[in-house]
Amino acid sequence: MSGHPWRAAVLSVLCPGLGQVYNRQITKAVLCFVGYIVPLTVSSRIGPMLWEAVRQGRELAAGSPPFWALFWTRGAAIAIGLAVLVYSAVDSYRTARRM
């Protein structure tokens, strides 16, 4: 398996955690997958609320978080998801190289 670090990295880019499964690091694979899916799920939940606020051209309904909070939360969630994706690919590449 030591001759295929790029394969591990590509698998992690396709689905974070898959490169870790390829390297037989199941616990790390689960953590990478969850670390990628949770922020992107949060982002996809916030998206429709932001779109509604933009479409209506006003603030959200009473009791909702302010527009700027949703905007930055969504941005942070996307950034965290992408950071986990990059970490997963780099980690699986380096691990496969050491094996």
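Q: What makes C32 a buried residue?
A: Its relative accessible area is 4%, and buried means under 20%, so C32 is buried. Keep in mind that this is a predicted model. C32 sits in helix α3.

Q: Which residues does C32 touch, leaving out those up to four places away in sequence?
A: P16, G17, Q20, V84, Y87 and S88. Take Q20 from that list: Q20 and C32 are 12 residues apart in sequence, and their C-alpha atoms lie 8.5 Å apart in space.

Q: Why does S88 count as buried?
A: Its relative accessibility is 0%, and the cut-off for buried is under 20%, so S88 counts as buried. S88 belongs to helix α4. Not counting residues up to four places away in sequence, S88 touches S12, P16, G17, Q20 and C32.

Q: Why are α3 and α4 described as roughly antiparallel?
A: The axes of α3 (residues 26–56) and α4 (residues 67–98) cross at roughly 155° and come within 8 Å. Angles over 145 degrees count as roughly antiparallel, so α3 is roughly antiparallel to α4. The crossing of α3 past α4 is left-handed. By class, the residues of this contact are 19 nonpolar, 6 polar and 3 charged.

Q: How do you know how α1 runs relative to α4?
A: Look at the angle again: the α1 and α4 axes cross at roughly 160° and come within 8 Å. With the cut-off at over 145 degrees, α1 and α4 are therefore roughly antiparallel to each other. Here α1 passes α4 in a right-handed crossing.

Q: Which residues of α1 and α4 meet?
A: On the α1 side they are P5, W6, A8, A9, S12 and V13, and on the α4 side L85, S88, A89, S92, Y93, A96 and R97. That contact has 9 nonpolar, 3 polar and 1 charged residues.

Q: Which residues of α1 are buried?
A: In α1 (residues 5–14) they are P5, A8, A9 and S12.

Q: What makes those buried residues line one face of α1?
A: Viewed down the axis of α1, the buried residues fall within an arc of 100°, so they line one face of the helix. On the face turned away from the buried side, α1 carries the exposed residues W6 and L14.

Q: What is the pattern of the chain, read along the sequence?
A: α-α-α-α. The chain has 4 helices and 0 strands. Of its 99 residues, 31% count as buried.

Q: How many of the contacts between residues at least 6 apart in sequence join residues at least 24 apart?
A: In this chain, 63% of them do.

Key. Residues numbered from 1 in each chain as written. Predicted model: local features only at pLDDT ≥ 70, side-chain atom pairs only at ≥ 80, totals over all residues. Heavy atoms only, no water. Axes fitted to C-alpha atoms, helices over the stretch in contact; angles between N-to-C directions. Helix = DSSP H or I, 4+ residues; strand = E, 2+ residues; numbered from the N terminus. Parallel < 35°, antiparallel > 145°, perpendicular 65-115°, else oblique. Left-handed = near helix turned anticlockwise from the far one by under 90°. Nonpolar A, V, L, I, M, F, W, Y, C, P; charged D, E, K, R; others polar. Buried < 20%, exposed > 50% of the residue type's maximum accessible area, 1.4 Å probe, protein only. Arc of directions from axis to C-beta. Contact = heavy atoms within 4.5 Å.
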